[in-house]
Amino acid sequence: MVWIEDRYYVTWCNGYHSPTVGVGYTNDFETCYQLENTYLPFNRNGVLFPRKINGNYAMLSRPSDSGHNPFGDITYSKSPDMTYWGRHRYVMGTAGGWQSTKIGAGPIPIETTQGWLLIYHGLLTSCNGFVYSFGAALLDLDQPWKVIARGEPYLLAPQAPYERTGDVPNVAFPCATLLDSDTGRLAIYYGGVDTVVCLALGYIGEIVEFVRANDIGG
């Protein structure tokens with residue numbers, strides 16, 4: 001969920017002859033309006049930017065398939081009206097370790113002086129099944145499909161009991177953030193094993209430095 005101009009927009013994985021990205025909006029959380037689906041099936045992980053970029057709405061997504069796809073790269077799209085989406089651009093794909101199977105955007109990107117800070121999830125396929133962790137990258141402010149820096153290590157991986165045992169084992173899936181602009185403290189809300197909502201705290205300046213210090217590129 002994100003505030004853009006004069007309303008709150010919500011994106012989700014919508015079931016329309018298989019998964020695609022749904023969009024709706026509200027002004028008062030009493031009446032909600034659903035817009036057209038943004039893309040053809042199959043697509044997941046639609047995340048809007050918190051403001052227009054060069055006059056257009058902007059969104060990250062992950063083209064998918066009808067199942068638990070064994071692949072996944074992050075792409076960028078823009079729209080003049082929140083209905084017609086195009087000018088698609090590749091942002092970044094899988095890398096080694098915790099993000100070797102697929103990746104996807106998580107919370108709304110955070111605008112910083114050094115670029116858009118993107119918290120994203122990555123999937124590792126281990127001998128015991130899937131493991132979801134999350135890390136961070138910096139994207140160019142005016143051309144967000146360009147990666148400025150991408151941290152090699154994860155920020156958080158499932159280790160606590162509430163991150164390892166539940167409906168879906170070994171899942172730490174980032175969903176939303178809240179930033180205290182006075183102190184720079186960042187609250188990251190993430191799903192634990194598709195069972196509980198968890199909270200991690202950090203400082204945005206330290207996260208940006210961490211990404212730059214451990215950059216592996218796009």
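This is a predicted model: local features need pLDDT of at least 70, side-chain atom pairs count only at pLDDT 80 or more; totals for chains, interfaces and linings use all residues.
**Surface and overall build**

I started with the surface: the protein chain exposes about 10,700 Å², and carbon and sulfur atoms supply 51% of that. Next I checked how much is tucked away, and 48% of the 218 residues count as buried.

Then I looked up the secondary structure and found 2 helices and 16 strands in the chain. The radius of gyration is 17 Å, close to the 17 Å that the globule rule gives for 218 residues, so the chain is as compact as a globular protein of that length. For the outline, I noted that the C-alpha trace spans about 45 × 40 × 35 Å along its principal axes.

I also looked at contacts between residues at least 6 apart in sequence, and 46% of these join residues at least 24 apart.

**Charges**

I looked up the charged side chains next: 14 are positive and 20 negative. The centres of the two sets lie 7 Å apart. Side chains of opposite charge can pair when their charged atoms come close. How many salt bridges does a search of the whole structure find? It finds 3, and I went through them one by one.

**Salt bridge: Lys52 and Glu5**

Here the two side chains meet with N to O at 3.8 Å. Lys52 sits in the loop between strand 5 (43–48) and strand 6 (57–63), while Glu5 is in the loop between strand 1 (2–4) and strand 2 (7–15), so the pair ties together parts that are 47 residues apart in sequence. Lys52 is partly exposed, at a relative accessible area of 28%. Is Glu5 buried or exposed? I have Glu5 down as exposed because its relative accessibility is 54%, and the cut-off for that is over 50%.

**Salt bridge: Asp6 and Arg7**

These two are sequence neighbours by their numbers, and their closest N and O atoms are 3.1 Å apart. Asp6 is partly exposed at 41% relative accessibility. Arg7 also counts as partly exposed, at 21%; buried would need a value under 20%.

**Salt bridge: Glu111 and Arg51**

I put the closest N and O atoms of this pair at 3.0 Å apart. Why does this pair tie together separate parts of the chain? Glu111 belongs to strand 10 (residues 110–112) and Arg51 to the loop between strand 5 and strand 6, so the parts being joined are 60 residues apart in sequence. Both ends are partly exposed, Glu111 at 41% relative accessibility and Arg51 at 31%.

While in the loop between strand 5 and strand 6, I noted that Asn54 is there too. Asn54 has a positive phi of about 55° without being a glycine, and it is exposed, with a relative accessible area of 60%.

**Around Tyr16**

My last stop was Tyr16, in the loop between strand 2 and strand 3 (19–26). Tyr16 is partly exposed, at 45% relative accessibility. What does Tyr16 touch, not counting residues up to four places away in sequence? It touches Asn37 and Pro41. I also checked Leu40, which is 24 residues from Tyr16 along the chain; their C-alpha atoms are separated by 8.9 Å.

Phe42 lies in the loop between strand 4 (32–34) and strand 5.

Conventions
Residues are numbered from 1 along each chain as its sequence is written. Side-chain values use heavy atoms; hydrogens and water are left out. A salt bridge is a side-chain nitrogen of Lys or Arg within 4 Å of a carboxyl oxygen of Asp or Glu. Helices (H or I, at least four residues) and strands (E, at least two) are DSSP runs, numbered from the N terminus. Buried means under 20% relative accessible area, exposed over 50%, partly exposed in between (1.4 Å probe, protein chains only). The radius of gyration is taken over C-alpha atoms; the globule rule is 2.2 Å times the number of residues to the power 0.38. Contact means heavy atoms within 4.5 Å. Accessible areas come from the Shrake-Rupley method with a 1.4 Å probe; for residues, only the protein chains shown count as cover. Lys and Arg count as positive and Asp and Glu as negative; His and the chain ends are not counted. The place of a charge is taken as NZ of Lys, CZ of Arg, CG of Asp or CD of Glu.
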